Amino acid sequence: MPFKIVRNDITKMQVDAIVNPSNPEPVVGAGCETAIYEAAGREALLEERKRFGGVSEGEVFLTGGYGLPAAHVIHAVSPRFQGGNQGEEERLRSCYRKSLELAAKQGFQTIAFPLIATGSYGYPREEALGIAAEEIRAFLDGHEMMVYLTVFDEASSALGGRLYPDLEAYIDRYYVEEKLRSEYVGTDFMAGAAASNAASFRSTVLPSMQAQRNTLPMSPADAAGKAAAMPMAKEDRDAAPSKLMAELETKQAQDKQKISKEKEPGLLRQILFREKKASESAPRAAKPKMDQAPKRREEPTVGAARASEDESREYAEFCFDDVEEECYEQAPQFFEDEICDEVSADWDFEKHESALNERMAHLSDTYQQYLLYLIENKGMTNAEVYKRAIVDKKVFAKIKANPDYHPKKMTALCLCVGARLNLDETRDLLARAGYALSPCDKTDVIFSYFIEHGIYDMIEIDIQLEEHGLPCIIA
């Protein structure tokens, strides 16, 4: 793997050279530069640095590593971000390109970069990552070198620590459960699980198969009433899968019956539905005012003027008071949910009607057409998206030039992150390229987690893929 993102302190990297995001003047800057000088030995490294004097942004020079595990330090003078229109991008590209060229000239085999200029120099992290990936990839097309991009800033470390437990639970919920269903149901998996690690099996895998029955089938406890149960006999183990499936089917049938019963319209819903139907049949009809309370359940007259919003709300509250006690006694939770459903349905329809119509207009779009539509609709630029996605500019150009172009699945997934799509948009876009998010594929599950939680961080996604033994994004 010639290019790898790692979560590590760059001062601990055992490589031929590390890259220091240097100040233009012979002084020690903040952040990463301070850490490098302190680890190397401030006085010795600063003394050698002074020999070079002032250096322009985008230029590089070489010093010794002193107390660092790395033998050398390549100092790349970082550009200060001033809005993006002052030539910062080219100077940042120069930092990577010239550092790699200098390393190759020195015969170095390994080199480690920080994410240059993203600390006190203020360069946007996502854009800087895209630039770093492009320059490193371009260099590696013609050279053999192991290049590391180290991520050890406070925000990245905090994000990784916060994500990891939730991500593991997410993977277990979707991936492990689906794998168990597809690979083990209907086989004698009980014996194998008991032989390998029955305790772990009972506490992790089986709960997802037996919602309420979260222990392995056991023989009766001994006569003394001890809590520990004896392992099953072989004939019981052989019959366990079929018994389990029968129990699951029974449970599913009971759940469906329960859900069906819960969804039966209650008294309040029947009343409101009747009033709603009457209103729809007579669009200009007015609902009775409070002083007409005795006639509140009669159909409105066609010739009446439409009631104001306040009067309609007052009327609905009056109906609610009339039947509240009876409905609440029958099904309090269902009663509250029905009110919320009625209100949210009215609001959501008007809020999202135009968005739905817009999406309907793009039903026949190809992958390329729908991607470009989503990018424009979200107010982004193509460059912003492919840089954030760590997708090569040449690859994106091929997509843009061909309406029928089908990218690789990893490229398509990365562009979903780069365009900041939600999970529904992601599924829709992938389907147009012939792909789907599979619960049996860990890469898909990890991408789904990040997209579902609105975390569009390609560095963290790449690190999590690496930590789960999966192919990385930028390798």
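**Close-up views of a predicted model**

Phenylalanine 81 is partly exposed, with a relative accessible area of 24% (buried is under 20%, exposed over 50%, partly exposed in between; 1.4 Å probe, protein chains only). The model is predicted, local features need pLDDT of at least 70, and side-chain atom pairs count only at pLDDT 80 or more, while totals for chains, interfaces and linings use all residues. Numbering starts from 1 along each chain as its sequence is written, and side-chain values use heavy atoms, without hydrogens and water.

**View 1. Aromatic pair of phenylalanine 81 and tyrosine 123.** The whole structure holds six aromatic pairs (ring centres of Phe, Tyr or Trp, the latter by its six-membered ring, within 6.5 Å; planes under 30 degrees apart are stacked, over 60 edge-to-face, the rest tilted). In this one the centres are 4.9 Å apart and the planes at 65 degrees, so the pair is edge-to-face. Tyrosine 123 is buried at 4% relative accessibility.

**View 2. Aromatic pair of tyrosine 96 and phenylalanine 113.** This pair is tilted, at 5.1 Å centre to centre with 40 degrees between the planes. Tyrosine 96 is in helix H3 and phenylalanine 113 in strand E5, 17 residues apart (helices, H or I of at least four residues, and strands, E of at least two, are DSSP runs numbered from the N terminus). Tyrosine 96 is buried at 0% relative accessible area, and phenylalanine 113 is buried at 0% as well.

**View 3. Buried residues of helix H2 (residues 42-49).** Leu45, Leu46, Glu48 and Arg49 are buried. Their arc around the axis, taken from the directions from the helix axis to the C-beta atoms, is only 160 degrees, which puts them on the same side of H2.
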